[in-house]
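Thank you all for coming. Before I say anything, please bring the sequence and the model up on the screen, and keep both in view while I talk.

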Amino acid sequence: MAISRRKAIGLVAGAGVVLGTGAWLNHELNPRTPLPYELPPGGALPVTSECDDDPTPTVTEGPFYTPNTPQRTVLRERDTAGMPLVIEGRVLTPDCRPLAGAVLDFWSCDGNGIYDNEGFRLRGHQFTDRTGAFRVETVKPRDYEQYGIHRTPHVHVKVQGRGTRMLTTQLFFPNEPLNQRDWFVEESLIMNVTKGSGALMARFDFVIL
Ligand code: FE
């Protein structure tokens, strides 16, 4: 049975006492590291059809966010380990208006489960285009273990539009065995993934408040 996110956070907080990772957990439970980027002109566009009006759930920032990332849409480098992954989608308001000029700041580990915490590999921010769309080229991250917690593959992201709150969340992959055991997984955060030629193609629309 799926476990609720709120319950999951409580469980992790309990685990933290046992593991002595209090400092990490304080950070973990506060997904509010602000986004330091200046937003370009933009804002809400006319109402679109095909829109899920449920706000995208928040998931913890985790311990590996680095601010001030380069502005770019291609995060994958020639020697980056992992299956190429393209994520496309839109940023929308709850009343189904795409947001132009919203910022998305992506980060993840590579196909070996390694985060670059010194530099900016697999990190970068971009702004939605005039239709509220984004596209990021990265790799499929691997599962990894940190502080005794085994994480299913996930891509971290922060999203913010003009006059919206900042959303910090994580995107997940379908059919991952570890999804069942990872406390942070929510059904509505699992991307639509298909196999393209040479890359996994994923779709996800964010709805932010
Ligand atoms: Fe992570």
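**A sheet, a metal site and some salt bridges**

Let me begin with the sheet, where four strands, in the order 5-4-9-10, form an open arrangement with antiparallel pairing. At its edges are strand 5 and strand 10, the latter covering residues 167-172, and each of these pairs on one side only. On average, and ignoring direction, neighbouring strands of this sheet are turned by 25 degrees against each other. Please keep in mind throughout that this is a predicted model.

Now to the individual pairings, going across the sheet. Strand 4 runs antiparallel to strand 5 and is joined to it by 5 bridges, with Leu104 standing opposite Gln126 and Phe106 standing opposite Gly124. Strand 4 also pairs with strand 9, again in the antiparallel sense and over 5 bridges, and here Phe106 stands opposite Val157.

Is strand 4 mostly covered or mostly open? It is mostly covered, since 5 of its 5 residues are buried. In a regular strand the side chains alternate between the two faces of the sheet. For strand 4, Val103, Asp105 and Trp107 are on one side and Leu104 and Phe106 on the other, and both faces are covered.

Moving on to the other end of the sheet, strand 9 and strand 10 pair in the antiparallel sense over 6 bridges, and in this pairing His156 stands opposite Gln170. The two strands form a hairpin with 6 residues between them, and Gly163, in the turn, has a positive phi of about 75 degrees. Although strand 10 is an edge strand, 6 of its 6 residues are buried, so it is largely enclosed by the rest of the structure. Both of its faces are covered, with Leu167, Thr169 and Leu171 buried on one side and Thr168, Gln170 and Phe172 buried on the other.

I mentioned His156, and that brings me to the metal. Which residues coordinate the iron ion? They are Tyr115 and Tyr144, each through OH, together with His154 and His156, each through NE2, at 1.9 to 2.1 Å. The angles among the 4 donor atoms run from 90 to 157 degrees, and the site is irregular. Tyr115 and His156 are both buried.

Next, two single residues that I would like you to find on the screen. Val136 lies in strand 6, which spans residues 133-139, and this residue is buried, with a relative accessible area of 1%. Setting aside neighbours within four places in sequence, Val136 is in contact with Thr73, Leu75, Leu85, Val86, Ile87, Phe106 and Gln126; of these, Phe106 is the residue that stands opposite Gly124 in strand 5. The C-alpha atoms of Val136 and Gly124 are separated by 9.0 Å, with the two residues 12 apart along the chain.

The other residue is Ile190, in the loop between strand 10 and strand 11, which counts as partly exposed at 23% relative accessibility. Not counting residues up to four places away in sequence, Ile190 touches Phe172, Phe173, Pro174, Asn179 and Val185.

Finally, the charged side chains. How many salt bridges does a search of the whole structure find? The search finds 12, among them one between Arg135 and Glu88, at 2.8 Å from N to O. Arg135 is in strand 6 and Glu88 in strand 2, so this pair ties together parts that are 47 residues apart in sequence. Both partners count as partly exposed, Arg135 with a relative accessible area of 34% and Glu88 at 25%. Arg135 also meets Glu137 in a salt bridge, at 3.4 Å from N to O, and a network of salt bridges links Arg76, Glu88, Arg135 and Glu137.

A further salt bridge joins the side chains of Asp182 and Arg151, at 2.7 Å from N to O. This pair links distant parts of the chain, with Asp182 in the loop between strand 10 and strand 11 and Arg151 in strand 8, 31 residues apart. Here both partners are buried, Asp182 with a relative accessible area of 5% and Arg151 at 6%.

Definitions and conventions. Residues numbered from 1 in each chain as written. Predicted model: local features only at pLDDT ≥ 70, side-chain atom pairs only at ≥ 80, totals over all residues. Heavy atoms only, no water. Donors = N, O, S within 2.8 Å, 3.2 Å for Na, K, Ca; no water. Tetrahedral: all angles 85-135°; square planar, octahedral: opposite > 155°, others 65-115°. Buried < 20%, exposed > 50% of the residue type's maximum accessible area, 1.4 Å probe, protein only. Pairing = 2+ DSSP bridges. Axes fitted to C-alpha atoms, helices over the stretch in contact; angles between N-to-C directions. Contact = heavy atoms within 4.5 Å. Salt bridge = Lys/Arg side-chain N within 4 Å of Asp/Glu carboxyl O.
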